[in-house]
Amino acid sequence: MTRALGWATIVGLAIGLVMGFGYAPREVTQGNVQRIMYLHVPSVLTAYLAFGIVFVASLAYLFTQRRKWDDLAAASAESGVLFTGLTLASGSIWGKPTWGTWWTWDARLTTTAILFVIYLGYLLLRAMADDPERGAKYAAVVGIIGFLDIPIVHFSVVWWRTLHQPSTLLRPEPAPISAPILITLLANWAAFTLLYAYFVSKRVEIRRLEAEASA
Amino acid sequence: MPDNWAYVFAAYLIAGVAVVWYWRHLARRARELAELPRRKKRGTG
């Protein structure tokens with residue numbers, strides 16, 4: 001199952017790359033640097049998904065105390081940190097030629113950096129806990145509270161005056177972009193979701209094997 | 001606006017390196033753990 005998911009991910013990422021560089025047109029205003037968006041936007045949407053799963057799995061763990069929920073939360077948080085890191089790196093690289101700076105303390109950028117630090121702390125908390133059960137409980141609380149930053153990240157471009165443009169995909173109105181750009185964004189989002197699912201299933205499997213090895 | 005291909009390739013390269021590194025890290029860890037019972041059985045673990 002995980003192996004099939006791995007192959008589907010590779011195919012999905014390859015299709016996403018071909019579409020990003022071959023099918024999607026050169027954007028009129030930004031030029032080809034806009035192609036970074038096929039990496040940046042799917043990364044942040046996948047990070048939202050990952051931390052959403054951490055939130056749900058953490059609640060489920062606190063209510064049921066079943067280990068499978070803790071495994072899912074831990075695995076999802078690790079992937080979420082990776083995708084948030086990719087979001088920050090790709091956004092920064094896009095920002096230099098477009099805004100003239102690698103970084104600015106804009107509300108969207110700052111809240112995303114805070115999100116990254118929260119879940120990095122979540123992973124550190126797990127790694128440093130002497131008692132795994134207590135560590136899992138504390139991590140679940142951080143996973144639930146940390147999720148509150150997601151709506152702040154997403155609506156920061158609405159609530160504050162920001163340099164960062166409003167959301168392209170997750171908005172009530174239709175996306176203000178041409179069909180080929182939208183289709184390419186959605187294809188890459190699907191590929192990144194497959195990648196996330198593969199990483200999580202593999203990480204959950206590893207956590208189970210680690211538990212068996214230490215039993 | 002100039003195309004800035006160097007920035008595009010840098011972004012994809014960094015993402016590629018991070019994803020491949022994590023993928024390989026998971027694969028290696030899973031392999032090590034899967035081999036553990038066999039090593040224990042042979043008395044070398």
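# A first look at a two-chain predicted model

Helix 4 (residues 107-128) of chain A and helix 5 (residues 132-146) of chain A pack at an angle of about 170°, their axes lying 9 Å apart. Angles over 145 degrees count as roughly antiparallel, and these two helices are therefore roughly antiparallel to each other. Please keep in mind that this is a predicted model.

- Two packed helices are described by the angle between their axes and the distance between the axes.
- For this pair the angle is about 170° and the distance is 9 Å.
- On the side of helix 4 of chain A, the contact is made by A:L115, A:I118, A:Y119, A:Y122, A:L125 and A:R126.
- Helix 5 of chain A brings A:A136, A:Y138, A:A139, A:V142, A:G143 and A:G146 to that contact.

**Salt bridges**

- Side chains of opposite charge can pair when their charged atoms come close.
- Over all chains, a search of the whole structure finds seven salt bridges.
- One of them joins A:D70 to A:R126, with the closest N and O atoms 2.5 Å apart.
- This pair links distant parts of the chain, since A:D70 sits in helix 3 of chain A and A:R126 in helix 4 of chain A, 56 residues apart.
- Both A:D70 and A:R126 are buried, and A:R126 also takes part in the contact between helices 4 and 5 of chain A.
- Another salt bridge brings together the side chains of A:R203 and A:E78, at 2.9 Å from N to O.
- Here too the pair links distant parts of the chain: A:R203 belongs to helix 7 of chain A and A:E78 to helix 3 of chain A, 125 residues apart.
- A:R203 and A:E78 are both buried.
- The side chains of A:E210 and B:R29 meet in a salt bridge as well, at 3.1 Å from N to O.
- That pair crosses between chains, from helix 7 of chain A, where A:E210 lies, to helix 1 of chain B, where B:R29 lies.
- A:E210 counts as partly exposed because its relative accessible area is 25%, and B:R29 is partly exposed too, at 29% relative accessibility.
- Salt bridges that share partners join A:R67, A:D70, A:D71, A:R126 and A:R207 into one network.

- A:S79 is found in helix 3 of chain A, which covers residues 67-99.
- With a relative accessible area of 0%, A:S79 is buried.
- Beyond its neighbours within four places in sequence, A:S79 is in contact with A:Y196, A:F199 and A:V200, and also with B:Y22 of chain B.
- A:L88 is found in helix 3 of chain A.
- Why does A:L88 count as buried? Its relative accessible area is 19%, and buried means under 20%.
- Leaving aside neighbours within four places in sequence, A:L88 is in contact with A:W103, A:L109, A:T112, A:A113 and A:F116.
- The C-alpha atoms of A:L88 and A:S43 are separated by 9.2 Å, while the two residues are 45 residues apart along the chain.

**Surface and loops of chain A**

- A:I152, A:F155, A:V158, A:W159 and A:W160 form a nonpolar patch on the surface, and together they have about 520 Å² of accessible area.
- A:W160 lies in the loop between helix 6 (149-159) and helix 7 (179-214) of chain A.
- This tryptophan counts as partly exposed, at 44% relative accessibility.
- A:Q65 is found in the loop between helix 2 (37-64) and helix 3 of chain A.
- Phi of A:Q65 is near 60°, a positive value in a residue other than glycine.
- A:Q65 is partly exposed, with a relative accessible area of 38%.

**Chain B**

- Chain B has one helix and zero strands.
- Of its 45 residues, 22% count as buried.
- Chain B exposes about 3,300 Å², and carbon and sulfur atoms supply 62% of that area.
- B:L13 lies in helix 1 of chain B, which runs over residues 5-42.
- Is B:L13 buried or exposed? B:L13 is exposed, with a relative accessible area of 57%.
- B:L13 and B:R28 are 15 residues apart along the chain, and their C-alpha atoms are separated by 22 Å.

Conventions:
Residues are numbered from 1 along each chain as its sequence is written. Chains are lettered from A and ligands numbered from 1 in the order in which they are written. This is a predicted model: local features need pLDDT of at least 70, side-chain atom pairs count only at pLDDT 80 or more; totals for chains, interfaces and linings use all residues. Side-chain values use heavy atoms; hydrogens and water are left out. Helices (H or I, at least four residues) and strands (E, at least two) are DSSP runs, numbered from the N terminus. Buried means under 20% relative accessible area, exposed over 50%, partly exposed in between (1.4 Å probe, protein chains only). Contact means heavy atoms within 4.5 Å. Patches are made of residues with over 30% relative accessible area and no salt bridge: like charges are joined within 9 Å, nonpolar side chains (Val, Leu, Ile, Met, Phe, Trp, Tyr) within 5 Å. Accessible areas come from the Shrake-Rupley method with a 1.4 Å probe; for residues, only the protein chains shown count as cover. A salt bridge is a side-chain nitrogen of Lys or Arg within 4 Å of a carboxyl oxygen of Asp or Glu. Axes are lines fitted to C-alpha atoms, for helices over the stretch in contact, and angles run from 0 to 180 degrees between N-to-C directions. Angles under 35 degrees count as roughly parallel, over 145 as roughly antiparallel, 65 to 115 as roughly perpendicular and the rest as oblique.
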